[in-house]
Amino acid sequence: MVGNSVCQALKGHDLLTPSKQELNVTRLEQIMRFKTDYIIHLASETDHEYCDENPAQCYLVNTIGTANMMRLAKSLHIPIIYISTASVFDGKKLSPYEIHDVPNPINHYNASKYYGEILCLQHSLSYILRCGWMFGGGKGLDKKFVAKLVNKINVGQKEIKVCTDCIGSPTYSVDVAHFINRVISNKPLPGIIHCANKSNGVSRYEFACEVVRILNAKVNIIPCKIDDLKDEFPCKRTNYEVLSNNQFMPDWKQSLKDYLCQY
Ligand SMILES: NC(=O)c1ccc[n+]([C@@H]2O[C@H](COP(=O)([O-])OP(=O)(O)OC[C@H]3O[C@@H](n4cnc5c(N)ncnc54)[C@H](OP(=O)(O)O)[C@@H]3O)[C@@H](O)[C@H]2O)c1
C-alpha cells in the first residue's frame, strides 16, 4: 500500500525495490548483502487479527525484521525511515498524542511496532514516521477501512454498521510518500515525526459517512459501538489514536476525495 505510493512519489530517485524473496527482513544474511545510501523500511505484518493469532510471526517480522534493517543502516552509516503507527498509544488520552507522549500498546501488532521504534531510536539517523489509519493503493493493494467499505457498497449492501467509539487520524499513503520525499530532500532532525492528514480526530463513523458522501452512494451508515463488531474485528483496538497535526500534510477530507476520485 505505502510501498506503491512511495515508488510513484520517488520516481526521480534510483530506487531499489526488492521483492520479499530477494529481501526478507527476517533474514539478516540476505539484508547485509545490500548496498544503498538510504533505507525506507516498509515491510511489516500489518493485519491486527493475524498478529494476535500469530504473535511469533508478528514480532519476527515487525520487531526482529526492524532490528535487522537497523543493522544494515548502522553498518552503512545511512539514514533509515521506519513507518510506525498511532496505535502504539493506549487511547487513554483525550487530546491528540504528541511526540513526547509515552506509548503503551494494547495488542501484539502495536507492541511489535513500538519495539521497532525503540530499536530505531538507537541509531542517530533514524526517522520514525507515525501514521494513522492508512488509505491508498487502490484495488488489490488497499485492504484497509476505505477499501472494505467500498467493497461492501459495491456488492450492494444498503446498511453498513460502523462504530462511533474509535477515533483516529486518517492518513493517505500518497501524502505519506510525498512527506518521505520531503524528509529525504530537506534532511530534518532525525527522530519521531507524526505523519497523518490534518484533522481534529475522526471517528470511524464520520470517516465512513464522508466516503459515502463523496461517492454519492445510496447507503445507510448505521452508528454502533466497536464491541458490536467483534465478529469482524475480534482483536482489541485502541479507541483514541489521534496524532498531533503535521503542518506539511493536507486535510484528510481533501485527500480522501482525491483518493476516491481515482479509486
Ligand atoms: N496500513 C495501515 O493502516 C498502517 C498504519 C500505520 C502504519 N503502517 C505501517 O506502514 C508500513 C507499510 O504498511 P502498508 O500499509 O503499506 O502495508 P502492506 O500493504 O501490508 O505492506 C507491507 C508489505 O510488507 C511485506 N512483508 C511482509 N513480511 C515481509 C518480510 N518478512 N520481508 C519483507 N517484506 C515483508 C508484505 O508483503 P506480502 O504482502 O507479500 O506479505 C507487504 O508488501 C508498515 O510498516 C505498517 O506497519 C500501516
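Which residues in H4 meet which residues in H5? The first legend below gives the reply. This is a predicted model, in which local features need pLDDT of at least 70 and side-chain atom pairs count only at pLDDT 80 or more, while totals for chains, interfaces and linings use all residues. Residues are numbered from 1 along each chain as its sequence is written.

**View 1. The packing of helices H4 and H5.** Helices (H or I, at least four residues) and strands (E, at least two) are DSSP runs, numbered from the N terminus. In H4, the residues Pro55, Cys58, Tyr59, Asn62, Thr63, Thr66, Ala67 and Met70 meet His108, Tyr109, Ser112, Lys113, Tyr115, Gly116, Leu119 and Cys120 in H5; two residues are in contact if their C-beta atoms, placed from the backbone, lie within 7 Å. By class, this contact of H4 with H5 has nine nonpolar, six polar and one charged residues. Here Ala, Val, Leu, Ile, Met, Phe, Trp, Tyr, Cys and Pro count as nonpolar, Asp, Glu, Lys and Arg as charged, and the others, Gly among them, as polar. Two packed helices are described by the angle between their axes and the distance between the axes. H4 and helix H5 (residues 108-120) pack at an angle of about 15 degrees, with axes 9 Å apart. H4 is therefore roughly parallel to H5. Axes are lines fitted to C-alpha atoms, for helices over the stretch in contact, and angles run from 0 to 180 degrees between N-to-C directions. Angles under 35 degrees count as roughly parallel, over 145 as roughly antiparallel, 65 to 115 as roughly perpendicular and the rest as oblique. The crossing in which H4 passes H5 is right-handed; a crossing is left-handed if the near helix is turned anticlockwise from the far one by less than a right angle, and right-handed if clockwise.

**View 2. The crossing of helices H1 and H7.** The axes of H1 and helix H7 (residues 173-186) come within 8 Å and cross at roughly 50 degrees. H1 and H7 are therefore oblique to each other, and their crossing is right-handed. From H1, the contact takes in Val2, Ser5, Val6, Gln8 and Ala9, and from H7 it takes in Ser173, Val174, Val176, Ala177, His178, Ile180 and Asn181. The contact of H1 with H7 has seven nonpolar, five polar and no charged residues.

**View 3. The crossing of helices H6 and H8.** Helix H6 (residues 145-154) and helix H8 (residues 204-215) have axes that come within 11 Å and cross at roughly 55 degrees. H6 is therefore oblique to H8. This crossing of H6 and H8 is right-handed. Phe145, Val146, Leu149 and Ile153 in H6 meet Arg204, Phe207, Ala208, Val211 and Leu215 in H8. The residues of this contact divide into eight nonpolar, no polar and one charged.

**View 4. The open sheet of four strands.** Its strands stand in the order S1-S2-S3-S8, with parallel pairing; two strands pair if DSSP finds at least two bridges between them. Strand S1 (39-41) and strand S8 (191-194) stand at the edges, each with a single partner strand, so one side of each is left without a neighbour in the sheet. Strand S3 (residues 126-131) and S8 pair in the parallel sense over four bridges. Leucine 129 has isoleucine 193 in S8 as its bridge partner. H5 packs on the sheet and touches S2 and S3, its direction making about 150 degrees with that of S2. H7 lies across S1, S2 and S3, running at about 160 degrees to S3.

**View 5. The shell around the ligand.** Of the 21 residues around the ligand, Met1, Val2, Ala43, Ser44 and Met134 come nearest; a residue is near a molecule or strand if its C-beta atom, placed from the backbone, lies within 6 Å of it. Helix H1 (2-9), helix H4 (55-76), strand S2 (80-85) and strand S4 (133-135) each supply at least two residues of this shell. The shell residues divide into 10 nonpolar, seven polar and four charged.
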